[in-house]
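I opened this entry to look up how the parts of one model pack against each other. My notes follow in the order in which I checked things.

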Amino acid sequence: MIFLPIVALVAGFLLAYYRFSIPSAWADYAAIAILAGLDALIGAVRARLENQFDEAVFVSGFFVNMGLAILLAYLGDKLGVDLYLAVVVALGIRIFTNLGRIRGLFVRARMEAHRARHPAGADLKPAPPR
Amino acid sequence: MRAFWEVTRGWTLPVAGICLVLGGLLGVQVHTQQLRGAAEAGRRSSALVGMLTSSQNQLEAQAKEIAQLRAQVAKFEKEAVSDRSGGQRVYQELQDSRLTLGLLPVRGPGVEVELGDSTMRKPDNEIGGLDWFLVHDYDLLETANELWAAGAEAVSLNGQRLVAGSAIRCSGPVIQVNSTPIASPFVFRAVGNKETLASALNLPGGVVDRLRSATLRVRLTKKDDLVLPAIAVAPRFHFARSAAEETP
């Protein structure tokens with residue numbers, strides 16, 4: 001059932017794209033919110049692959065992180081400091097780290113499958129401990 | 001149905017729900033950004049185009065009105081002159097003054113001089129130097145000066161009549177004559193003795209010689225019948241008064 005989230009993503013996009021727009025003053029905050037949401041989603045995928053997924057953590061994290069990111073950006077606006085940059089950098093690093101972990105998990109799974117098929121494959125390094 | 005819930009329980013449903021929200025946010029954001037970009041570009045250019053068209057229309061309407069009023073004035077003057085004897089000479093003098101001022105269109109033989117930017121390509125290894133291959137305000141000034149010196153009775157440049165108060169000056173990428181922007185090719189029409197005018201321009205070391213050596217395109221033709229337009233705006237005197245009437 002990996003298709004359900006993808007279908008939901010596309011459906012949400014199309015629905016909002018053809019129906020709604022927001023005041024352009026909010027557009028910057030919406031961008032920050034999207035970044036926070038993306039971070040939560042990718043974090044959820046990683047947690048799922050590591051069998052640590054908890055839906056309460058995920059849902060609360062999604063909304064709370066989004067709110068915090070917007071709040072921080074808003075505070076930066078009021079103080080005259082570009083705090084939204086801090087949000088962008090922090091979330092960007094998290095997204096890349098999580099994507100890296102996910103990639104690592106996939107590569108490791110593939111290598112294990114390969115070793116299972118070729119038990120005598122001495123040319124391959126043993127998988128590092130998890 | 002039960003199997004479906006078994007499979008989707010746990011993580012698929014919350015992730016799908018969040019995905020719906022996230023997709024919606026993305027859609028809204030993309031839509032808003034597109035609207036923002038389009039609105040900004042559209043606002044700027046349409047406002048400018050509107051301003052340009054409205055002022056062009058205004059200009060045209062006013063030019064038409066001026067021509068009409070001038071024709072009316074001419075008609076009244078003719079009627080007034082025909083009443084009285086001796087008025088004929090005054091009328092002729094008035095017409096001559098108007099020709100000099102550029103208030104009336106002029107027709108007669110003369111020459112046509114066309115100046116164009118060079119067709120040569122700028123050498124790749126040369127930095128700058130593009131100025132050499134363009135027609136400049138001073139080229140036009142020199143040509144106009146030569147035409148007057150050779151006895152031209154009326155001169156026009158790209159449809160702008162040159163009169164005593166006409167300025168030819170460089171204004172960025174265009175040249176302004178009578179405060180009207182013109183661009184290459186530049187066409188002078190001069191009414192006068194066409195042989196004299198042509199030979200004055202063609203003097204060795206003269207204007208045409210110099211321009212041609214700068215690889216500019218120069219085309220000089222003698223014409224039997226040229227029509228020069230009147231100036232659009234009559235000069236007005238705010239400071240100058242006639243001194244002849246005041247002397248005792």
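**Helix packing and the chain interface**

I started inside chain A, where A:N65, A:A69, A:L72, A:A73, A:L75 and A:G76 of α3(A) touch A:L83, A:Y84, A:V87 and A:R94 of α4(A). By class, I count 7 nonpolar, 2 polar and 1 charged among the residues of this contact. I note that the model is predicted.

Next I looked up the geometry of this pair. Helix α4 of chain A covers residues 83-117, and its axis lies 7 Å from that of α3(A), at an angle of about 150°. Angles over 145 degrees count as roughly antiparallel. I therefore record α3(A) and α4(A) as roughly antiparallel to each other.

I then turned to the interface of chain A and chain B. I find 31 residues of chain A in contact with 29 residues of chain B. The area buried between the two chains is about 2,800 Å², and carbon and sulfur atoms give 81% of this.

For polar features I noted 6 residue pairs in polar contact across the interface, both residues at pLDDT 80 or more. On the side of chain A that touches chain B, α1 (3-19), α2 (27-49) and α3 (55-79) are the elements that give two or more residues. The largest share, 10 residues, comes from α2(A). I logged the residues of that side as 24 nonpolar, 4 polar and 3 charged.

Last, I asked how many salt bridges the rule finds across the interface of chain A and chain B. There is 1. I looked up its partners: the side chains of B:R36 and A:D28 meet at 3.9 Å, N to O.

Note on methods:
Residues numbered from 1 in each chain as written. Chains lettered and ligands numbered in written order. Predicted model: local features only at pLDDT ≥ 70, side-chain atom pairs only at ≥ 80, totals over all residues. Heavy atoms only, no water. Contact = heavy atoms within 4.5 Å. Buried area = accessible area lost by both parts, 1.4 Å probe. Salt bridge = Lys/Arg side-chain N within 4 Å of Asp/Glu carboxyl O. Polar contact = N/O pair within 3.5 Å; in protein donor to acceptor, adjacent residues only side chain to side chain. Helix = DSSP H or I, 4+ residues; strand = E, 2+ residues; numbered from the N terminus. Nonpolar A, V, L, I, M, F, W, Y, C, P; charged D, E, K, R; others polar. Axes fitted to C-alpha atoms, helices over the stretch in contact; angles between N-to-C directions. Parallel < 35°, antiparallel > 145°, perpendicular 65-115°, else oblique.
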